[in-house]
Amino acid sequence: SLHPTMGQDPCHPVDQGKCVYCGQNDPKKLEFDHRKAWAKGGSSDDPLNICLGCEKCNRSKGDRDWGWG
């Protein structure tokens with residue numbers, strides 16, 4: 001499910017409503033993910049640190065960073 005404190009989806013135009021990892025586009029399976037892992041200090045307040053991921057990919061990614069390199 002989408003992050004409850006994010007309000008409107010800042011990722012939709014950038015991520016085109018799809019999981020950045022696998023391309024899943026079912027809104028019921030998408031959630032916000034942190035490019036720099038939240039567990040490693042990644043901010044939920046920085047829109048550039050948020051992307052869309054499906055639940056399966058987000059759980060597989062765990063606390064690894066993505067998209068910074």
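A: A salt bridge is a side-chain nitrogen of Lys or Arg within 4 Å of a carboxyl oxygen of Asp or Glu. The model discussed here is predicted: local features need pLDDT of at least 70, side-chain atom pairs count only at pLDDT 80 or more, and totals for chains, interfaces and linings use all residues. Residues are numbered from 1 along each chain as its sequence is written, and side-chain values use heavy atoms, with hydrogens and water left out.

Q: Which elements does the protein chain have, from the N terminus on?

A: Helices (H or I, at least four residues) and strands (E, at least two) are DSSP runs, numbered from the N terminus. The order in the protein chain is α-β-β-α, with two helices and two strands.

Q: What percentage of the residues of the protein chain count as buried?

A: Buried means under 20% relative accessible area, exposed over 50%, and partly exposed in between (1.4 Å probe, protein chains only). By that rule, 33% of the 69 residues are buried.

Q: Which residues make up the largest nonpolar core?

A: In soluble globular proteins, nonpolar side chains tend to be buried together. A nonpolar core is a set of buried Ala, Val, Leu, Ile, Met, Phe, Trp, Tyr and Cys residues joined through side-chain atoms within 4.5 Å. In this structure the largest such core has seven residues: Cys19, Leu30, Phe32, Ile50, Leu52, Cys54 and Cys57. Strand E1 (30-34) and strand E2 (50-54) are the elements that give two or more residues to this core, and E2 gives the most, with three residues.

Q: How many salt bridges are there, and where do Glu31 and Arg59 lie?

A: Side chains of opposite charge can pair when their charged atoms come close. The count here is four salt bridges. One of them joins the side chains of Glu31 and Arg59 (2.4 Å, N to O). Glu31 lies in strand E1 and Arg59 in helix H2 (residues 55-61), 28 residues apart, so the pair links distant parts of the chain. Glu31 is buried, with a relative accessible area of 5%.

Arg59 also forms a salt bridge with Glu55, the closest N and O atoms being 4.0 Å apart. These two residues are separated by about one helical turn, because Arg59 and Glu55 are four residues apart in helix H2. Glu55 is partly exposed, at 44% relative accessibility. Salt bridges that share partners join Glu31, Glu55 and Arg59 into one network.

Q: Where do Asp15 and Arg35 lie?

A: The side chains of Asp15 and Arg35 meet in a salt bridge (3.7 Å, N to O). Asp15 lies in helix H1 and Arg35 in the loop between E1 and E2, so the pair ties together parts that are 20 residues apart in sequence. Both Asp15 and Arg35 are buried.

Q: Is Asp33 buried or exposed, and what joins the side chains of Asp33 and Lys61?

A: A polar contact is a pair of N or O atoms within 3.5 Å; within protein, one must be able to donate a hydrogen and the other to accept it, and residues adjacent in sequence count only if both atoms are side-chain atoms. Asp33, found in strand E1, is buried, with a relative accessible area of 4%. A polar contact of 3.4 Å joins its side chain to that of Lys61.

Q: What is the phi of Gln16?

A: Most residues other than glycine have a negative phi. Gln16 has a positive phi, near 55 degrees. Gln16 lies in the loop between helix H1 (12-15) and E1 and is exposed, with a relative accessible area of 58%.
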